[in-house]
Amino acid sequence: MEGNLEITLLMVITVVAGISAQVIADFLKVPSIVFLLLFGIAMGPSGLGILHPSLLGGGLEVMVSLCVALILFEGGLNLQLREVEEVSTSLRNLVTVGALVTLFGGGLAAHWLSEFPWQIAFLYASLVVVTGPTVVAPLLKQVNADRQVSTLLEGEGVLIDPVGAILAVVVLNIVLQGNADPFTIVSGLVLRLGIGGIIGVGGGWLLGLFLKRARFLSEDLKNLSVLAGLWGLFGLSQALISESGLMTAVAAGIMLKIAALPEERLLLRFKNQLSILAISVLFILLSADLSIASIFALGWGGILTVAALMLVVRPLNVLVSTWSSELNWRQKAFLSWVAPRGIVAASVASLFAISLTKQGINGGDAIKALVFLTIILTVCLQGLTARWIAGWLRVRSDEARGAMIVGCNPFGRTVAHLIRSRGEDVVMIDANPEYCKQAKAENLTVYRTSALNMDALDNIGLTSIGTFLTATSNSEVNSVLAQRVMEEFRPPRVLAVYPDQSPDIEVAEPAEKLASPEVKRAFSSQLSVKEWSQYLSTNEVKITDTVLDADEHRFKRQRDHLQALINAGTVIPLLVQRQDQLRIAKADEQWQPCDRITYGLHIPKPKFGPSMVPPAVLPTPS
């Protein structure tokens, strides 16, 4: 009973520490792995001695396998397939040719700088071939890098994990068996990838079909059915050939993404929560099991090895993989800098250290220490500087210009003309033939199609614009469409018009709950597109500009007066220019000194009763 209590406390403390690290990292806006590593090492035998992962025995290996499968499945499920198609050649090169560049470059660096034997050096290199979605995805959310760069890094993180892990297993078998036959290496890699891919694709397709037809299942039970199906497929693949289950997990996730399940949003949320829990538990346990003394024992050789991996091998990898691509030098430079290692490298290194020790081969602890040193340095140096580097290289999605506006009503056309007058491209979409005809007559670029047709949006060029705006007269359509575009394309800025009180929405929820936090409310919470289109049609709106004062006292008076007019519905802010960036105004815009605001002012025409005649047309007395 005492042993069971120790294990219970171990897991309780691990979960509390892991989630606490996630909360602190989210508050401070830094990669969560930084605090997970810090907490794990501090609470392990090398620190305070609170956590002893060795109590789990073989159970740790089981937890690692199942959790890694879940993490890779979630990565495949989140993969944006439309965007991957645009960079497919570079992505393919990164996970094939690039993996080989990292394998040989990392092996040479570990042998020459850390003085590892050749076999151990290449085993280390095979472990750091992977990057990993667990650290790349949160990092990109904070950096807000442009779509091409983000897609390449996320796609590489998802697809390189099974490739790298299987490659590491093949290299480990060579070290254990002393067999370096090239045919054995290639056949072992292809066989595991092939079997894992076939089971993942077939199983994922069947799972998607089942979920579509099993309408009797509740949403919660569907989520758990996916979890059971994933681990079932993973177990089948592992039973046929070791380590093929990692490829199965990724392939199954991609197939469910392709299936386009109606409950995909809920499934993603559920799997994301499980993935965060798995990452938290694994990183705490694996870093707690790390010996700090083994890291210090590496000396300067270990630091130089990691430096060579970051500053020489990774840039060479990117240069070779993107040689014929359309990426500019800034994008390539950012790709060269960002390649943090994550949970797959840590977990596989921990398992390999155990395998080598059991076989009486020296070097297991040294490999594990060097892999964790690689994780620590890449995450801390690259993770904490990525946002600054992205801004310096101008590869952040904030730099994307142009807009796509859904809704060719008078209000939407007015916004389009204003944006175009500032030198930015505008594309308009509407299914109403009369509105499209009016937009064409005003020399606006317009496409007559349904905005719910995602293929049409893709062909029109949604992936290259900076802002997507839905401004139809139907608030519910605006919100739903904006949410779907965010999920499918993830433009830098997605805005929708949906006022607080709208007769178009016949739901119990308030309008602000119709859109996700990523979708911002446009212009004002008082705006009715139908009413303002009418005002514009009858020339009751004056479009003008104002620049907020730089003096703090005068700025506050201007801001308060402007906000009072907005709240009264008299003024609708349309555009805001801050420094050299032009943006469509948001309803919750935080005004700043020197902002140039373009707004519409409603000036109602006088209304005369039946007994009132305007002075200009009074009858002349006889």
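Modeller: Start with Ala109, which sits in helix 6, residues 97-113. Keep in mind that this is a predicted model. Is Ala109 buried or exposed? Its relative accessible area is 8%. The cut-off for buried is under 20%, so Ala109 counts as buried. Now ask which residues Ala109 touches, beyond its neighbours within four places in sequence. There are Ser114, Thr305 and Ala308. For a sense of scale, pick Leu601. Ala109 and Leu601 are 492 residues apart in sequence. In space, their C-alpha atoms are 66 Å apart.

That distance leads to the whole chain. The C-alpha atoms fill a box of roughly 120 × 60 × 55 Å along the principal axes. The chain has 622 residues, and 53% of them are buried. It holds 24 helices and ten strands. Look at contacts with a sequence separation of 6 or more: 76% of them join residues 24 or more positions apart.

Next, take a pair of helices. Two packed helices are described by the angle and the distance between their axes. Helix 3 covers residues 59-78, and helix 13 covers residues 264-288. Their axes come within 9 Å and cross at roughly 140°. The crossing is left-handed. On helix 3, the contact residues include Leu60, Met63, Val64 and Phe73. On helix 13, they include Leu267, Leu268, Ile279 and Leu286. Sort the contact residues by class, and you get 18 nonpolar, three polar and two charged.

Helix 8 is another stretch to pick out, at residues 133-143. Its buried residues are Pro133, Thr134, Val135, Val136, Leu139, Leu140 and Val143. Just after helix 8 comes Asn144, with a positive phi of about 60°.

Now the sheets. Strands of a sheet pair through backbone hydrogen bonds, either parallel or antiparallel.

Strand 2, residues 426-430, runs parallel to strand 3 and is joined to it by four bridges. Within this pair, Asp430 stands opposite Arg448.

Strand 1 comes next. It pairs with strand 2 in the parallel sense, over four bridges. Val406 has Ile429 of strand 2 as its bridge partner. Both faces of strand 1 are covered. Ala403 and Ile405 are buried on one side, and Met404 and Val406 are buried on the other.

Then strand 4, residues 467-470, where Thr467 lies. Why does Thr467 count as buried? Its relative accessibility is 5%, and buried means under 20%. The side chain of Thr467 makes a polar contact of 2.9 Å with that of Arg493. Beyond its neighbours within four places in sequence, Thr467 also has contacts with Gly402, Ala403, Met404, Leu495 and Ile584.

Ile584 brings us to the other sheet to visit, since strand 9 spans 581-584. This open sheet has four strands in the order 7-10-8-9, with antiparallel pairing. Its edges are strand 7 (541-547) and strand 9, each pairing on one side only. The twist averages 20° from one strand to the next. Strand 7 and strand 10, residues 596-602, run antiparallel and share seven bridges. In that pair, Asp545 has Thr598 as its bridge partner.

Helix 19 returns here. It packs on this sheet too, touching strand 7, strand 8, strand 9 and strand 10. Its direction makes about 25° with that of strand 8. Helix 23, residues 529-537, also packs on the sheet. It touches strand 7, strand 8 and strand 10, and its direction makes about 80° with that of strand 10.

Notes
Residues numbered from 1 in each chain as written. Predicted model: local features only at pLDDT ≥ 70, side-chain atom pairs only at ≥ 80, totals over all residues. Heavy atoms only, no water. Helix = DSSP H or I, 4+ residues; strand = E, 2+ residues; numbered from the N terminus. Buried < 20%, exposed > 50% of the residue type's maximum accessible area, 1.4 Å probe, protein only. Polar contact = N/O pair within 3.5 Å; in protein donor to acceptor, adjacent residues only side chain to side chain. Contact = heavy atoms within 4.5 Å. Pairing = 2+ DSSP bridges. Axes fitted to C-alpha atoms, helices over the stretch in contact; angles between N-to-C directions. Left-handed = near helix turned anticlockwise from the far one by under 90°. Nonpolar A, V, L, I, M, F, W, Y, C, P; charged D, E, K, R; others polar.
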